[in-house]
Amino acid sequence: MSVAVLTPPGSSAQRHEPLRVMVVDDSAVIRGLISRWIEAEPDLTVAASIRTGLDAVNQLVRVDPDVVVLDIEMPDMDGISALPLLLEKKRNLIIIMASTLTRRNAEISFKALSLGASDYIPKPESTREMSAADIFKRDLIEKIRHLGARLRRPAVVASPSLSPVAQPALARLPKTSSGTMPVVAQPKLMLRPFSASAPRVLLIGSSTGGPQALMNLVAGIGPVIDQYPVLITQHMPPTFTTILAEHLTRASGRPAHEAIDGEPVKAGKIYLAPGGRHMRVARSAAGPVIALDDGPQINFCRPAVDPLFSSATEVWQAGILAVVLTGMGSDGAQGGKAIVAAGGNIIAQDEATSVVWGMPGAVANAGVCAAVLPLDQIAPKVVRVFSGVRG
């Protein structure tokens, strides 16, 4: 057994205490590097540095972490085997799966999300790359901080009838001493009336928590997909977007694929921004086409949502309905403003059903949304809007 308990376990419910993070990886170099990054943050602390999934399961109660960074490939017990055992011991535990960018690990990461993992993060493929991985460091720290923050705030009022996809995120929220979830009302938001313009395209932006939310959404909008093009930007690296497209195809029953530069945009298909490339749309003599580029990150992301949203206004003007789902940051807010200025409409996922209410919160608080809805109400609303009901 290789366990290093670095700080004494205490009550993690107190707001002023740092988030306690357990790092689980069979590489001592990677454990040490991630641990140093975490300890350098004033609001985070390393609760334990552990070598295997089995050790993590055995030590969980004693260490009592808020967040676990869990490697997939380890001896004795791998991450996907340890995941349900960890959640069984601590229901509201935040687990971030870490894996290298292989197709196998991408598939495992998607499976982990369905089993209750909060998120995933792709690791550089070697320890040499790790030492210079500024992007990995920033993304990991931000995921730990934003996902962990969910444990430190009361739950907002949710829809009385949530879909199975939305329920796990709420079920893992911390309870009060009486066993009930602390609840506060969601602040009243300024909503715009839906414009009278008929939508001709559906755009979707998402990030943290997005894959599960996307499955829920596309499963309920079949009639829209059949008659209109659907374009999606999900913050996700290469290989992962390939797998996501396959999952979207199964969930929707319609063809979904990573978009190809220059291909025409047609009804009946779902176009997904490929990992590592921005997806825009452009005009051509034959109609709208996909335009991909490898330009600099926008909002620390590539692909980013803003380029899709902003470019779409040049093609469809007021004929846009955009949906902003769960995710960290504010990507989509600037593009959302452009859509509304052109006469289009925005729907955002509400805080209660979002894993992280960053992106949808940004558009909601900017006053550009016509509706802010629980996840299970978005698909029915989208169908109604495309059918002409925009009240």
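Ile 232 has Leu 272 of strand E12 as its bridge partner. Strands (E, at least two residues) and helices (H or I, at least four) are DSSP runs, numbered from the N terminus. The model is predicted: local features need pLDDT of at least 70, side-chain atom pairs count only at pLDDT 80 or more, and totals for chains, interfaces and linings use all residues. Residues are numbered from 1 along each chain as its sequence is written, and side-chain values use heavy atoms, with hydrogens and water left out.

Strand E10 pairs with E12 (residues 270-272) in the parallel sense, over three bridges. Pairing requires at least two DSSP bridges between two strands. E10 also pairs with strand E9 (residues 201-206), again parallel, over five bridges. Here Ile 232 of E10 is the bridge partner of Ile 204.

Five of the five residues of E10 (residues 230-234) are buried, so the strand is largely enclosed by the rest of the structure. Buried means under 20% relative accessible area (1.4 Å probe, protein chains only). Val 230, Ile 232 and Gln 234 cover one side. Leu 231 and Thr 233 lie on the other.

Helix H8 (residues 210-219) packs against helix H10 (residues 240-252) at about 30°, with the axes 8 Å apart. Axes are lines fitted to C-alpha atoms over the stretch in contact, and angles run from 0 to 180 degrees between N-to-C directions. Pro 211, Leu 214, Met 215, Val 218 and Ala 219 of H8 meet Leu 244, His 247, Leu 248, Ala 251 and Ser 252 of H10 (contact: heavy atoms within 4.5 Å).

Notes:
Buried < 20%, exposed > 50% of the residue type's maximum accessible area, 1.4 Å probe, protein only.
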